[in-house]
Amino acid sequence: MKIDGTAYRSVWVDAGDRWSVHILDQTRLPWSLEVLRLTSRDEAAHAIKSMQTRGAPLIGAVAAYGLCLALRADASTDAMERDAALLNATRPTAVNLRWALDRMLTRLRNTPASDRVAVAYAEAALIADEDAAQNEAIGGHGLPLIEAAVRPGRPVNVLTHCNAGWLATVDWGTALSPIYTAHNAGIDLHVWVDETRPRNQGAALTAWELGKHGVPHTVVADNAGGHFMQHGMVDLVIVGADRVSRTGDAANKIGTYLKALAAHDNSVPFWVAMPSSTIDWTLADGVADIPIEERSASEVTDMTGRLPDGSIATMRIVAADSPAANPAFDVTPARLVTGLITERGRCSASAEGLLGLYPERRAGSSI
Ligand code: MRU
């Protein structure tokens, strides 16, 4: 996608040295656009853990490149297994991290150590290219949902939570891909952007990237969505996901479940968009079994913003002696999800729905 006319991806290999890895530092947005150069396993792990890079598909791609950087230092089998485990431990909820590292290891375990670096960079590039292509396809499959909501004389109002745009993927985004596709097709639409406390990915990232692409949007407090739905001001909700169980339960940024409840109560369609790398085929009960990341209480007690003089400051907004809890994700049960939008098409949020799109996952399948 473009920033001020220049096309960017969220991760790329340096065109000059052809080994170091660049990401956009998402902790600096929306105030400044800063590119970070990653040169080691530890820099990649830190970038994922500290959320300089984030979003389920993107952390998978960055972890894959992190393993490339690790292999440059030591391509032995023991080091490779250790470094993959270290990268996998950086964040627990998004399954794309494990998916990408498993794919890298499957490719590399049977590769001689002397060839591993070259093979790893090729595989990481494939992961990145496939993610961009899959997310673009999600846009095409989500477009009819937006087209169906078009009414004369008013925009289609879509509500989204967190950042599931191109910043959270290699390109295009998941939930925002149908929105970009519809906007590019000339459909009059408007996006309600949940601010997404505590880290404000909606306010800081989604609003920024929609603005850069020229998509009309309004940032709202997380608590406002139910009110807008009650008053007919939301035609559909589209969110992303960090892990979807094989039965269609969807983990996404904390607060997503509340939006699904409000959508259900108001008969507003609630769609989850994700590439197949986000499906955890090993899990049947997402609510019980998807691990939920617990992050620092300081993300709740403190807020960061720009002061009138342009400087960036962090300040405490909670009484000094009050503790805070910070679960970073929640799980929306499949019964509250209208449907899933994947790179292969749309389906119901159910085992049968997913298996209809991914028949090779049926027990005993030889596809
Ligand atoms: O903690 P984050 O910012 O990595 O969480 C990201 C989300 O919850 C996104 O909505 C999710 O990854 C959607 S996929 C693009």
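Which helix and which strand each supply at least two residues of the lining of the largest cavity? I started my notes with that one, keeping in mind that this is a predicted model.

**Entry 1: the cavities**

The largest cavity holds about 200 Å³ of space. I then went through its lining, which comes to 23 residues. Nearest the centre of the largest cavity I noted Arg-54, Gly-55, Ala-56, Asn-163 and Asp-242. My opening question is settled by H2 and strand S11 (250-253), each of which supplies at least two lining residues. H2 gives the most to the lining of the largest cavity, with three residues. I sorted the lining by class and got 10 nonpolar, eight polar and five charged residues.

**Entry 2: H2 against H5**

I took helix H2 (residues 56-73) with helix H5 (residues 116-147), and their axes come within 9 Å and cross at roughly 170°. Angles over 145 degrees count as roughly antiparallel, so that is what H2 is to H5. On the H2 side I listed Pro-57, Ala-61, Ala-64, Tyr-65, Cys-68, Leu-69, Leu-71 and Arg-72. On the H5 side I wrote down Arg-116, Val-117, Ala-120, Tyr-121, Ala-124, Ala-125, Ile-127, Ala-128 and Asp-131. By class, the contact of H2 with H5 has 14 nonpolar residues, no polar ones and three charged ones.

**Entry 3: H2 against H4**

I stayed with H2 and turned to helix H4 (residues 96-109). H2 and H4 pack at about 35°, with 7 Å between their axes. I put the crossing of H2 and H4 down as right-handed. From H2, the residues that meet H4 are Ala-56, Pro-57, Ile-59, Gly-60, Ala-63, Ala-64, Leu-67, Cys-68 and Leu-71. H4 answers with Asn-96, Leu-97, Ala-100, Leu-101, Met-104, Leu-105 and Leu-108. My class tally for the contact of H2 with H4 is 14 nonpolar, two polar and no charged residues.

**Entry 4: H3 against H4**

How do helix H3 (residues 77-88) and H4 pack, and how far apart are their axes? I get an angle of about 170° and axes 10 Å apart. H3 and H4 are therefore roughly antiparallel to each other. Met-80, Glu-81, Ala-84, Leu-87 and Asn-88 make the contact from H3. Leu-97, Arg-98, Leu-101, Leu-105, Leu-108 and Arg-109 make the contact from H4. I count seven nonpolar, one polar and three charged residues in the contact of H3 with H4.

Last, I went over the backbone in the loops. The peptide bond from Leu-29 to Pro-30 is cis, with omega near 10°. I place Pro-30 in the loop between strand S4 (21-24) and strand S5 (35-38). The bond from Arg-197 to Pro-198 is a cis peptide, with omega near 10°. Pro-198 sits in the loop between strand S7 (189-194) and helix H7 (201-213). I also flagged Met-51, which is not a glycine but has a positive phi of about 65°. Met-51 belongs to the loop between helix H1 (41-49) and H2.

Technical notes
Residues numbered from 1 in each chain as written. Predicted model: local features only at pLDDT ≥ 70, side-chain atom pairs only at ≥ 80, totals over all residues. Heavy atoms only, no water. Axes fitted to C-alpha atoms, helices over the stretch in contact; angles between N-to-C directions. Helix = DSSP H or I, 4+ residues; strand = E, 2+ residues; numbered from the N terminus. Parallel < 35°, antiparallel > 145°, perpendicular 65-115°, else oblique. Contact = heavy atoms within 4.5 Å. Nonpolar A, V, L, I, M, F, W, Y, C, P; charged D, E, K, R; others polar. Left-handed = near helix turned anticlockwise from the far one by under 90°. 1 Å grid on protein atoms, 1.4 Å probe; cavity = no way out; pocket = protein on both sides within 12 Å on 5 of 7 lines; lining within 4 Å. Points joined across faces, edges and corners; volume = space filled by probe spheres on them.
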